[in-house]
Amino acid sequence: MSEATLTQTKAPARQFSLIDFVGRFAPLIFLIALVIVFGVQQPRFLSSLNLFNVMRQISITGLISIGMTFVILTSGIDLSVGSLLALSGLICAAVAKGGTENTLSLSTAGEVGYGVTLAALTAMAVGTAGGMVQGLAITQLGVPPFVVTLGGLSIFRGMALLFSNGGPISGFTEDFRFWGQEKVMDQVPVPVIVFIVFAVLAHIVLRYTRYGRHVYAVGGNPEAARLSGLNVNFILVSVYTIVGFFSGMAGFVLAARLNSAEAVAGQGYELDVIASVVIGGTSLFGGEGGIPGTVIGAMLIGVLKNGLVLMNVSSYTQQIIIGVIIVVAVAFDRFIKSKRRA
């Protein structure tokens with residue numbers, strides 16, 4: 001083969017694209033900029049104690065955000081995660097203590113329980129079942145995810161209130177509190193380790209398994225995926241089951257961290273979770289994004305909230321800022337896509 005032919009068959013060099021670079025690294029650049037700004041404004045922001053505190057705060061919503069990434073990759077949405085967290089946490093707490101103080105009264109608080117392992121598994125089972133039911137309702141009844149999960153938001157919260165009669169369940173054993181309050185090597189909170197481990201596992205599943213590729217395919221073009229032989233309904237049910245599983249796990253970790261479970265827990269979490277996923281670069285229109293971006297998005301939300309608190313910005317204003325950021329992130333996503341198509 002001549003040299004000229006080799007030159008012709010050689011793959012063209014990939015040219016640098018500013019649009020692609022900004023679209024890919026904008027969340028990370030924004031996160032670094034926020035850390036610098038808050039670090040300059042409030043020097044204690046950069047203390048290891050505060051930074052690990054930020055990571056512990058985001059670990060709860062971060063866990064749910066991992067599951068929400070699967071859902072949004074299929075262009076779906078789940079508004080019920082906060083309510084499912086509360087229900088899972090309450091049932092988990094009741095198992096850990098052998099009953100609720102207000103309803104079942106199976107035991108005196110803290111004296112008899114069914115073990116931390118069974119309590120944790122119960123929380124995950126409740127969350128998984130809740131997510132699966134919603135996935136089946138979406139696929140079998142043909143009801144849009146927004147409507148089904150909006151109904152789930154109300155149903156699960158009502159079930160939590162009925163189960164606990166509106167009261168909290170508190171006072172857990174040291175083994176139970178370990179999963180929310182203890183630290184490894186006196187620095188790293190256990191919830192942070194749990195969050196990182198599951199984030200890595202979820203990334204591997206999405207990027208390096210056939211199932212992960214199917215999730216992207218369904219989100220990119222569900223009709224093409226169906227014509228290619230994929231079981232689209234199975235994929236859709238599975239992603240809502242996954243986010244339910246992570247909501248249940250978050251309910252367990254939150255109860256352990258607060259040493260209490262109550263029906264009002266997790267209110268407003270859906271906003272932080274969706275914001276983390278969208279700001280991290282996962283498209284609300286499906287088919288694009290991933291776990292690393294979600295982790296950065298969760299960190300960005302956590303840093304933003306912590307920095308605003310240190311600067312004495314009210315929680316009401318924080319909600320406004322986060323809402324604005326969601327709108328800007330979606331608009332930015334559409335802008336980048338339009339530029340890529342141009």
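**Entry 1: the chain as a whole**

I began with the secondary structure, and I counted 14 helices and four strands in the chain, where helices (H or I, at least four residues) and strands (E, at least two) are DSSP runs numbered from the N terminus. I noted that this is a predicted model, in which local features need pLDDT of at least 70 and side-chain atom pairs count only at pLDDT 80 or more, while totals for chains, interfaces and linings use all residues. Residues are numbered from 1 along each chain as its sequence is written, and side-chain values use heavy atoms, with hydrogens and water left out.

I then looked up burial, for which buried means under 20% relative accessible area, exposed over 50%, and partly exposed in between (1.4 Å probe, protein chains only). Of the 342 residues in the chain, 46% are buried. I also looked up contacts, meaning heavy atoms within 4.5 Å, and found that among those between residues at least 6 apart in sequence, 77% join residues at least 24 apart.

**Entry 2: helix 7 against helix 11**

Two packed helices are described by the angle between their axes and the distance between the axes. For helix 7 (residues 174-181) and helix 11 (residues 232-258) I wrote down an angle of about 105° and axes 6 Å apart. Here the axes are lines fitted to C-alpha atoms, for helices over the stretch in contact, and angles run from 0 to 180 degrees between N-to-C directions. Helix 7 is therefore roughly perpendicular to helix 11, on a scale where angles under 35 degrees count as roughly parallel, over 145 as roughly antiparallel, 65 to 115 as roughly perpendicular and the rest as oblique.

Which residues make the contact of helix 7 with helix 11? From helix 7 I listed Phe176, Arg177, Trp179, Gly180 and Gln181, and from helix 11 Phe252, Val253, Ala255, Ala256, Arg257 and Leu258. Sorted by class, this contact has seven nonpolar, two polar and two charged residues, with Ala, Val, Leu, Ile, Met, Phe, Trp, Tyr, Cys and Pro counted as nonpolar, Asp, Glu, Lys and Arg as charged, and the others, Gly among them, as polar.

**Entry 3: Cys92**

I looked up Cys92, which is found in helix 4 (residues 81-97) and counts as buried at 0% relative accessibility. Leaving aside its neighbours within four places in sequence, Cys92 is in contact with Ala119, Ala120, Ala123, Phe176 and Phe252. I also checked Gly248, which is 156 residues from Cys92 along the chain, and the C-alpha atoms of the two are separated by 8.8 Å.

**Entry 4: helices 12 and 13**

In helix 12 (residues 269-279), 10 of the 11 residues are buried, so this helix is largely enclosed by the rest of the structure. Among the buried residues I noted Tyr269, Asp272 and Ile279. After helix 12 comes Gly281, with a positive phi near 105°.

Helix 13 (residues 291-310) has 20 residues, which at 1.5 Å a residue should span 28 Å, and its end C-alpha atoms are 28 Å apart, which agrees; the expected span is 1.5 Å times one less than the number of residues.

**Entry 5: salt bridges**

How many salt bridges does a search of the whole structure find? I recorded two, a salt bridge being a side-chain nitrogen of Lys or Arg within 4 Å of a carboxyl oxygen of Asp or Glu.

One joins Lys305 to Asp272, with the closest N and O atoms 2.5 Å apart. This pair links distant parts of the chain, since Lys305 lies in helix 13 and Asp272 in helix 12, 33 residues apart. Lys305 is partly exposed at 27% relative accessibility, whereas Asp272 is buried at 10%.

The other joins Glu223 to Arg226, with the closest N and O atoms 3.8 Å apart. Both residues lie in helix 10 (residues 222-227), three residues apart, about one turn of the helix. Glu223 is partly exposed at 44%, and Arg226 is partly exposed at 43%.

**Entry 6: positive phi**

Asn165 is not a glycine, yet I found a positive phi of about 60° for it. Asn165 sits in the loop between helix 6 (145-164) and strand 1 (169-170), and with a relative accessible area of 58% Asn165 is exposed. Asn312 has a positive phi near 60°, lies in the loop between helix 13 and helix 14 (315-341), and is exposed at 71%.
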